[in-house]
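I opened this notebook to record, entry by entry, what I looked up in one structure. The sequence and the coordinates come before the notes.

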Amino acid sequence: MHQAKAWAATSATSPLAATTIPRREPLATDVEIDILFCGVCHSDLHMVRNEWSDAMATTYPLVPGHEILGRVKSTGDAVTKFKTGDLVGVGCLVDSDGTCDACKAGFEQFCPNGVFTYGAPDKHLGGTTHGGYSASVVVDERFVLRVPDNLDPAAAAPLLCAGITTYSPLRHWKVGEGQKVGVIGLGGLGHMGVKFAKAFGAHVVVFTTSPHKKEDALRLGAHEVVVSTNAAEMEKHAGSFDFILDTVSADHDINAYLALLKIHGNLTLVGAPSKPLAVKAFALLMGRHSISGSNIGGIAETQEMLDFCGEHGITADVEVIPMERINEAYERLLASDVKYRFSIDMSTL
Ligand code: NAP
Ligand code: ZN
């Protein structure tokens with residue numbers, strides 16, 4: 001075991017601050033990674049502030065960060081997939097049982113014994129797992145992803161969560177040419193959803209509460225932008241969407257969007273507001289609409305997404321920040337003031 005520099009929250013109300021954390025010495029199948037960049041997901045903020053206490057209460061100290069991008073420093077004797085110097089990523093998962101139906105089907109994210117990158121019981125060192133707001137991490141090679149070398153590391157980091165979380169439902173619902181697809185919320189997830197839906201050939205419409213994001217939405221690949229607070233603009237799109245991806249992090253009225261679905265249209269939630277959303281029965285009944293959810297993606301699909309991004313030159317639009325500006329970045333996330341993902345430069349630790 002050795003100590004690594006990191007930033008942690010010690011309670012739901014305290015700002016993140018510098019600390020040190022234990023990291024295990026690499027076991028036979030482990031990869032030791034020097035972290036270059038870590039993206040800042042709104043889930044980090046929800047967890048730091050214990051906003052999901054109903055589903056998973058936060059244990060402190062908490063070192064967030066599950067958009068980890070780095071280079072392999074060393075490998076255990078039995079590692080076959082990676083060597084020192086490789087550009088690699090780690091997302092939201094660092095372990096799963098590998099034997100349940102979900103794991104066997106490639107859906108490690110739904111494994112009942114899955115282990116999240118941070119805040120989950122750590123079977124190696126005791127205590128909880130620590131995330132990527134740190135200098136290094138040690139992860140079993142099954143949960144380490146290859147990152148194409150042609151991608152900018154700072155901008156590729158967010159693919160490990162924002163990327164796969166939007167790629168996976170768009171693939172699952174077979175979004176593609178000839179379809180009209182909505183993306184609600186132009187933040188970290190939303191802007192990746194726009195890029196993927198465009199790359200898959202769909203007609204993409206962004207719904208935003210921030211009128212000043214209109215030009216950016218078009219630049220990112222949207223064909224149309226709707227300011228969702230404008231009822232007349234919303235009404236123009238009634239009954240016209242095949243699929244809508246909802247990335248909103250806070251309470252909002254989803255009935256307004258269900259009304260925009262075609263017959264048999266689906267709205268998938270990836271955003272995870274802390275309070276339950278109210279659904280009007282008739283918003284579903286009329287048109288046999290459905291609502292579903294989606295959580296990140298499995299390991300094989302995450303690799304598929306990264307390879308797709310390498311081939312198509314897709315990364316996040318990032319604002320690179322030094323570690324010491326993380327608390328300010330959280331305030332900006334809450335103000336919807338993100339363009340469009342913060343990526344922490346770990347050389348500033
Ligand atoms: P983010 O960068 O903060 O973006 C969220 C966007 O939602 C904002 O930029 C804003 O877009 C919109 N928004 C915020 N407050 C709103 C409100 N009160 N009403 C309407 N729109 C509002 O967050 P993120 O990192 O993309 O994460 C989004 C959500 O997804 C979070 O809840 C996060 O925990 C969750 N998440 C889920 C998964 C999963 O696997 N399912 C993975 C990662 C994250 P506009 O300014 O355009 O309106
Ligand atoms: Zn995330």
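**Entry 1. A first pair.**
Are Asp-30 and Arg-24 buried or exposed? I found that both Asp-30 and Arg-24 are buried, where buried means under 20% relative accessible area, exposed over 50% and partly exposed in between, with a 1.4 Å probe and protein chains only. Their side chains meet in a salt bridge, N to O, at 2.8 Å. I use that term for a side-chain nitrogen of Lys or Arg within 4 Å of a carboxyl oxygen of Asp or Glu.

**Entry 2. Conventions.**
I noted that this is a predicted model, in which local features need pLDDT of at least 70 and side-chain atom pairs count only at pLDDT 80 or more, while totals for chains, interfaces and linings use all residues. Residues are numbered from 1 along each chain as its sequence is written, chains are lettered from A and ligands numbered from 1 in the order in which they are written, and side-chain values use heavy atoms, with hydrogens and water left out.

**Entry 3. Other salt bridges.**
How many salt bridges does the rule give? The count comes to 15. Side chains of opposite charge can pair when their charged atoms come close.

I looked next at Glu-67 and Arg-341, whose side chains form a salt bridge of 2.8 Å, N to O. This pair links distant parts of the chain, 274 residues apart: Glu-67 is in the loop between helix H1 (42-48) and strand E4 (68-75), and Arg-341 is in strand E17 (residues 341-345). Helices (H or I, at least four residues) and strands (E, at least two) are DSSP runs, numbered from the N terminus. Glu-67 is buried at a relative accessible area of 0%, and Arg-341 is buried at 3%.

I then turned to Arg-325 and Glu-319, a salt bridge with its closest N and O atoms 3.7 Å apart. Arg-325 counts as partly exposed because its relative accessible area is 29%. Glu-319 is likewise partly exposed, at 21%.

I also recorded a network of salt bridges that links Lys-195, Asp-216, Arg-219, Asp-317 and Lys-339.

**Entry 4. Ligand 1.**
Which residues come nearest to ligand 1? Of the 31 residues around the ligand, these are Thr-208, Thr-209, Ser-210, Lys-213 and Arg-341; a residue is near a molecule if one of its heavy atoms lies within 4 Å of it.

- A polar backbone atom of Leu-186 is 2.7 Å from an oxygen atom of ligand 1.
- A polar backbone atom of Leu-189 is 2.8 Å from an oxygen atom of ligand 1.
- A polar side-chain atom of Asn-295 is 2.9 Å from an oxygen atom of ligand 1.

On its own, ligand 1 has 920 Å² of accessible area, and the protein covers 91% of that; such areas come from the Shrake-Rupley method with a 1.4 Å probe, and for residues only the protein chains shown count as cover.

H1 supplies the largest share of the shell, three residues, and both H1 and helix H5 (188-199) supply at least two each.

**Entry 5. Backbone.**
Most residues other than glycine have a negative phi, and most peptide bonds are trans. Pro-61 is in the loop between H1 and E4. The bond from Lys-339 to Tyr-340 is also cis, with omega near -20 degrees, and Tyr-340 lies in the loop between helix H11 (326-334) and E17.

Asn-50, in the loop between H1 and E4, has a positive phi near 55 degrees and is partly exposed at 25% relative accessibility. Ile-296, in the loop between strand E15 (290-293) and helix H10 (299-312), has a positive phi of about 35 degrees and is buried at 7%.

Conventions:
Polar contact = N/O pair within 3.5 Å; in protein donor to acceptor, adjacent residues only side chain to side chain.
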